[in-house]
Amino acid sequence: MHVLATAGHVDHGKSSLVRALTGMEPDRWEEERRRGLTLDLGFVWTRLPDGERIAFVDVPGHERLVGNMLAGVGPVPAVLLVVAADQGWQPQSEEHLAVLDALRVRHGVLAVTRRDLADPEQVREDALARIAETSLGKVEAVPVSSVTGEGLDDLRAALARLTAALPEPDRAADVRLWVDRAFTVRGRGTVVTGTLAAGTVRVGDRLTVASDGTTVRVRGLQALKEDRSEVSAVARVAVNVHGVPADALHRGDALLTPDRWLATALLDVRLRGDLATDLPRHLVLHAGSAAVPVSVRPLGADTARLTLARPLPLRVGDTALLRDPGRHRIPAGLTVLDVRPPRLGRRGAGRSRARELETVTGAPDGAAELRRRGLVRRAELSAMGVPPPAEPVVGDWLADPGHWAALRRRLGEVVEEHAARHPMDPGLPTEAARRALGLPERALVQALADTAPENGPRLERRDGRIHGSSTRPRLPHPVRAAVDAVRADLRRAPFRAPEAHRLAELGLTPKAIAAAVAAGALLRIGDGIVLLPGADTRAATLLAALEQPFTTSEARRALDTTRRVVIPLLEHLDARGLTVRLDGTRRRCPPPAGATGGTGGT
C-alpha cells in the first residue's frame, strides 16, 4: 500500500478529485457534505493500474484549518497537490506548499483541476515553477476534470509512476504510529487510526502510549477496512487496543514500540526559513500529527533550542515545522539535531552550543554523537535514533575512546593523590573514585581500573578499593618500629602469633595492621592474627613431612603453636590448596605437582 495526502487551496476540488479517483466519499461528517467544505481529515483508497493500492488522506484547505491539514500531512511521504485551472495559485496553495517544503516532502504529483472550466496550461506552468523551488522539485502535472472524468486515467498513471519511485520504508523499524483519530467501537473497545510510516504492527503486540507510558495490547488490526494479522509500512491502519479508554487518546499522541523511544520536551534544531533571531518567542511545533506550543531560544543564525509544552517521542533526524497561528504563516521548517541537549546555564553557553552544532547535520552519526557525549548508554543512543558505533565498555555503557582514555588517566591521578594523602591506607574506595570522576555507576570505575593504560600506573582492584600497582602503604616511623618488633618476635617463634595485648602494647591498631599487611610486612591469616610473609608456605612444608593424614593436634605440635593460631592457619592453608580437609579433625597435604599415586609396579 502507498499513502498520499492531498494539499491545496480551499474549494479547488481536492475532495471531489479523490472521490472521482476512488468512488468513495472522503468527507466523514454530514456538515462537510452539506456545506461542501472539508473540515477534518478524510480517508479513501483505490487500486492503481499497476495493481498497487493507494490511500489518500484528504485534508481541509481553509486557512483556519491548517492545523488539521498538518496532522494529515505530517506522517505521509508523498502528496497530491491540487490547483484549480479557473482560479490559479491562491493563498492556501502557497501555505500548503510552504508546509510541504518545511517538512522536506520530496515526492508528489500536481493535479490541475477544472480543466472543463478553463485552459489549465498557464496555471500548470505557474504552479510547476513555484513547486520546483521547494523540496518537491520537478513533479509531473496532470490537468483533470472531476466532473467530466477527463485526465483521470492520466492522473492514475502518474500516481502509479510516483508510487513506484517511492523509497522502500523500513519495515523492521521501531513503531511510532501518530494518532489522528481515537474512538470507541461497540463490542471492540478503543480504536485508533493513523499512517504507519515505518515498522510493522502485529496482533498481540504490546505498544506504549507516548503521552503517559501506558502499555496497551493490540487486539485487532485493519488496513483499508480489511482485517489483518499484521500491517507493515507504509499503510493507513486502524488499531484496536486493549488497556486504555478512547477518551485518554487524542490526535497528536502516538503508539510506540516499548522501551525504544525517548519522550523529550527539549530540542536543539536546525532551521530552514527565517533566521533564528527573527522568530517569535512563542510558536507551535508540528511533528507527525502533534501540535505543541513551544518557546524558542536562538542559538546561532540557523539553530535554536525549543522548549515544548509537553514531551514528544522524537529522534535525531526527524523533520518538523514551526507555525505562527496568529499570522497564518510557516516561519521555519526544522531538523532535529539533539533530543538530549546539555543545559545552558553559564554565560555564553548559547554561543558555545551554536559553534558545537555547526557541524551537526541531523543525519544520525553514532561515532560523532558518542564523541560529543563521551559516555552514554547504548539503549539511550538507539532511542535517540542513532545507531551505536561500538561495543559497550561495561554493561550497556558506550564510551568514546578518547574520553575513556582521559578518564583512565584521571583515575590513575586520583588514586595516586589519595595514596599521597593517606600513606597507611592508599587504596581509593570505588565509590570515592566514582564521585571524583563524576561517573554514574561504580561498574564504570571498575572497568576503567581493569583497562590497560596508554601510559601511567597500572591499577588493581582489591577489597572494594582501587590500588596503584606502584603504591604500597608507607608506614610512619612509629608503626614501622612496632611492625619490626613483631617481626623480631616471629623470627624467634614463626608460628606463635602475638597476642592482642602485645599488639596493643606496641600501638598496632587494626588500621596499622592492615597497612602493614598491604605493605607486605606481615601476613594476616585471621582476625588479629598475623605471621611473617611466607609463613603459610613454610607451614605447609612442615606438615607435608608428617604421616598423612594428620590431625589438628598433630599440626599444632609440629608447628609449635597454639590452638588460637593453628585453626585459622589450617583454614588459610585449605583456602590456598596447600592442605585438604578430610573431616572434622583430619587433613592431608596434596602430593607435589607431577607426582603420581600408587607403587608404579605392574
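The model I am reading is a predicted one.

**Entry 1: strand 15 and its partners**

I looked up the pairing around this position. Strand 9, residues 189-196, runs antiparallel to strand 15, and seven bridges join the two. I then turned to strand 12, residues 215-223, which is also antiparallel to strand 15 and is joined to it by five bridges. As a reference pair here I noted Gln222, whose bridge partner in strand 15 is Ala238.

How many of the eight residues of strand 15 are buried? I found seven of them buried, so I recorded strand 15 (residues 235-242) as mostly covered, taking buried as under 20% relative accessible area. I kept in mind that side chains in a regular strand alternate between the two faces of the sheet.

I next traced an open sheet of three strands and wrote down its order as 25-27-26, with antiparallel pairing. Which strands are at the edges? They are strand 25 (428-429) and strand 26 (459-462), each of which pairs on one side only.

I checked the contact between strand 26 and strand 27 in more detail. Strand 27 covers residues 465-468, and its antiparallel pairing with strand 26 extends over four bridges. Within strand 27, Ile466 is the residue that Arg461 stands opposite.

I also asked what packs on this sheet. Helix 12, residues 442-450, does, and it touches strand 26 and strand 27. I noted an angle of about 130° between the direction of helix 12 and that of strand 26.

**Entry 2: the cavity**

The largest cavity holds about 30 Å³ of space.

Which residues line the largest cavity? I listed Val79, Leu81, Gly108, Val109, Leu110, Ile131, Leu136 and Val139. Two elements give two or more residues to this lining, namely strand 4 (78-84) and strand 5 (108-113). Of the elements, strand 5 gives the most, with three residues.

Last, I sorted the lining of the largest cavity by class. Seven of its residues are nonpolar and one is polar, and there are no charged residues.

Definitions and conventions:
Residues numbered from 1 in each chain as written. Predicted model: local features only at pLDDT ≥ 70, side-chain atom pairs only at ≥ 80, totals over all residues. Heavy atoms only, no water. Pairing = 2+ DSSP bridges. Contact = heavy atoms within 4.5 Å. Axes fitted to C-alpha atoms, helices over the stretch in contact; angles between N-to-C directions. Buried < 20%, exposed > 50% of the residue type's maximum accessible area, 1.4 Å probe, protein only. 1 Å grid on protein atoms, 1.4 Å probe; cavity = no way out; pocket = protein on both sides within 12 Å on 5 of 7 lines; lining within 4 Å. Points joined across faces, edges and corners; volume = space filled by probe spheres on them. Nonpolar A, V, L, I, M, F, W, Y, C, P; charged D, E, K, R; others polar.
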